[in-house]
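Try each task on your own before you read its solution.

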Amino acid sequence: MQGTGELEDDIALDIDNILRNRFDSPYLKDRFRHGNTGIDIVYPRIAYGNAKSVMKGPDHVRYLLSLYPYKSDFDNIDKIVLRPRHIEFGDMELMALYLRRKRILVYYLHHPHVYPVRDSRFLQYAEMVPAAAAELLHRESEHKGPDKPERGLPALWYLLSIVSHSDDSTIDKFFVRSNPRERGEAGRLIREVSFYYSRHGY
């Protein structure tokens, strides 16, 4: 069984291989710019049919980055890699990895979800929650009670707000607990997309 250090070395090597192969690579590179800041968006060369609900592309990422309110957080990110694979551990899904030294955020397939705006530093920006996530978000209603819907932040915003560059080789891992009751059609589609990309060498 691998130790944590060996596993992190393997992960770093895997990501290095994705980024190093510029010719005949299964990935393409796009770029988001804000002032003097630039973030590479690395995404699969081949597309999977009509699975935009689970497989987001560079346009969606650029859109979320353009609305993100704390632009200084971009200093922690050089690259965002869209890795089209679904990795589960029981009821936990791997959502993302962050390679601190290299400032690389690796974003995996996972069930769509949002993080609460209420009582967070994003509260003042609640009106900026992207319209692209409208089906996942609910405007707060006038009534109070346990069923009152909560406004939310896209998972990418949450990740951008907490990752931090350092000179060590630590890889931060982010998991999300999936609800077995919500694994129906969305879960089937996520696994189907992941299997498709695994067969194509991703």
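**Exercise 1.** In this predicted model, how many residues of strand β5 (residues 92-99) are buried?

*Solution.* Start with the cut-off: a residue counts as buried when its relative accessible area is under 20%. Now go along β5: 7 of its 8 residues pass that test, so the strand is mostly covered.

**Exercise 2.** Which strands pair with β5, and in which sense?

*Solution.* Take the partners one by one.

- Strand β4 (residues 88-89) pairs with β5 in the antiparallel sense, over 2 bridges. Here Glu88 has Glu93 of β5 as its bridge partner.
- Strand β6 (residues 104-108) is also antiparallel to β5, with 4 bridges.
- Strand β9 (residues 171-177) pairs with β5 in the antiparallel sense too, over 7 bridges.

Next, find Leu97 in β5. Its bridge partner in β6 is Val106, and Lys173 stands opposite Leu97 in β9.

**Exercise 3.** Which residues take a positive phi in the two hairpins that involve β5?

*Solution.* First look at the hairpin of β4 and β5: there are 2 residues between the strands, and Gly90 has a positive phi near 65°.

**Exercise 4.** What lines the second largest pocket?

*Solution.* The pocket holds about 400 Å³ of space. Its lining has 17 residues, with Lys52, Met55, Lys56, Gly57 and Pro58 nearest the centre. Sort the lining by type and you get 10 nonpolar, 3 polar and 4 charged residues. Finally, sort by element: α2 gives the largest share, 3 residues.

How values were computed: Residues numbered from 1 in each chain as written. Predicted model: local features only at pLDDT ≥ 70, side-chain atom pairs only at ≥ 80, totals over all residues. Heavy atoms only, no water. Buried < 20%, exposed > 50% of the residue type's maximum accessible area, 1.4 Å probe, protein only. Pairing = 2+ DSSP bridges. 1 Å grid on protein atoms, 1.4 Å probe; cavity = no way out; pocket = protein on both sides within 12 Å on 5 of 7 lines; lining within 4 Å. Points joined across faces, edges and corners; volume = space filled by probe spheres on them. Nonpolar A, V, L, I, M, F, W, Y, C, P; charged D, E, K, R; others polar.
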